[in-house]
Amino acid sequence: MNSVSRRRLFVFAICRYYNTIYMKKKLIFFIAALLYVSAILSIQWFESQSANGNIKSVGDAFWYAIVTLTTVGYGDFYPVTIPGKIIGLLVIIGSLGLLGFIIGEVTVRFNRYMEKKKNGFWGTDFENHYIIIGWNEFGKKVANQIILADQKVAFVTNSKADLELIDDLYTSKETFCLFADYSNMEAYAKVNIAQSKRVFVNFKEDSETLVFVINLKKQYPTANVVVTCSNPSLKETFINAGIDHVIAKNEVASKLVASYLFEPHVAAYTEDLIATSVADEDSDIQQFLIKEDCEFADYEYLDAFMKLKKDFNAILIGLVQDGKVLKNPDKKITIQSGDYLILITGGQSRKILENFFGVHQGE
């Protein structure tokens, strides 16, 4: 028996055990409630036979029981016969147990609901958000950059410790976290994967990432997946598996290190540009979608370049047209709706540009 089969058998045994306990508790509660109602009806019968009795109807008996159960004790109804008093004593004692059972059940169910909510069981309504599957220090840094850009992030982790950490680091307005087995593909519907912008698979091993992505794309073929790989030779394999963007960590790091060696100022500027701007003096490369009602629709590239520099102190460095990135395109090329403009901006310009374009930066 392999580890997966043993895990499933263990989960089945636990579920069956708790289901048995639940059924026993349900039976005990039913029997206790039946005895309690019988006692109330018995009090009514005995008291209605006495001329001095004040519990004459079934309604009177149940009112007496409710007042006793809630420990209010108005004293308007009470047993006067010996059998009524004996049964009334049992009702009083039973009320304490029944009240404790009800409060305990409400508390357990509330705690269970809150635990499921904390684990992300009820899902999220995030749309146009980013999903990070797998948590570590690298994933944290990626998430921080996305959140600084005023975007929402949904995390998926299989560790309760990571769940607690993520909950401490971020607010529920900007993030959502789901505790789930990575192999449970149905669980990813809870992070609204179909409505997400990008999915970053953040696993340590390339082989684990590749197998996971193949299974994920089978279940969610429209998901836009981004991965990092340690082995650059596997980059083509990942692309053939349907991954939209594959980043070889060593390649990116080696290029930046080499740049620091022979052009350190360029490297420092590059590192600043690829990070999300926080302070006003920070620089950032951003992309903005051209909507149909945008002023730049049908603009020539050079005219847009001049206006952006003059009005927003932003530098237009490229254009995405028909899915292709045009670096420093011809000045007479026409910008069309649906294109993306790639700009170098300062931290103080981002909000102004987002208001001008009518969209958040990014795709």
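Student: In which helix is Thr-68 found?

Tutor: Thr-68 is found in helix α2, where a helix is a DSSP run of H or I with at least four residues, numbered from the N terminus. This is a predicted model, in which local features need pLDDT of at least 70 and side-chain atom pairs count only at pLDDT 80 or more, while totals for chains, interfaces and linings use all residues. Residues are numbered from 1 along each chain as its sequence is written, and side-chain values use heavy atoms, with hydrogens and water left out.

Student: Why does Thr-68 count as buried?

Tutor: Its relative accessibility is 18%, and buried means under 20% relative accessible area, exposed over 50%, and partly exposed in between (1.4 Å probe, protein chains only), so Thr-68 counts as buried.

Student: What does Thr-68 touch, not counting residues up to four places away in sequence?

Tutor: Thr-68 touches Ile-92 and Ser-95, where contact means heavy atoms within 4.5 Å.

Student: What makes α2 and α3 oblique to each other?

Tutor: Helix α2 (residues 58–69) and helix α3 (residues 82–118) pack at an angle of about 50°, with their axes 9 Å apart. Angles under 35 degrees count as roughly parallel, over 145 as roughly antiparallel, 65 to 115 as roughly perpendicular and the rest as oblique, and α2 and α3 are therefore oblique to each other.

Student: Which residues of α2 and α3 meet?

Tutor: From α2, Tyr-64, Thr-68 and Leu-69 meet Gly-88, Ile-92, Ser-95, Leu-98 and Leu-99 in α3. The residues of this contact of α2 with α3 divide into 5 nonpolar, 3 polar and no charged.

Student: How do you know whether Ala-33 is buried, exposed or partly exposed?

Tutor: Ala-33, found in helix α1 (residues 3–48), has a relative accessible area of 27%, so Ala-33 is partly exposed. The C-alpha atoms of Ala-33 and Leu-98 are separated by 8.3 Å, although these residues are 65 residues apart along the chain.

Student: Why is α10 called oblique to α11?

Tutor: Helix α10 (residues 301–312) and helix α11 (residues 350–357) pack at an angle of about 130°, with their axes 12 Å apart. That makes α10 oblique to α11. The contact is made by Lys-307, Leu-308 and Phe-312 of α10 with Ile-352, Leu-353, Phe-356 and Phe-357 of α11.

Conventions:
Axes fitted to C-alpha atoms, helices over the stretch in contact; angles between N-to-C directions. Helix = DSSP H or I, 4+ residues; strand = E, 2+ residues; numbered from the N terminus. Nonpolar A, V, L, I, M, F, W, Y, C, P; charged D, E, K, R; others polar.
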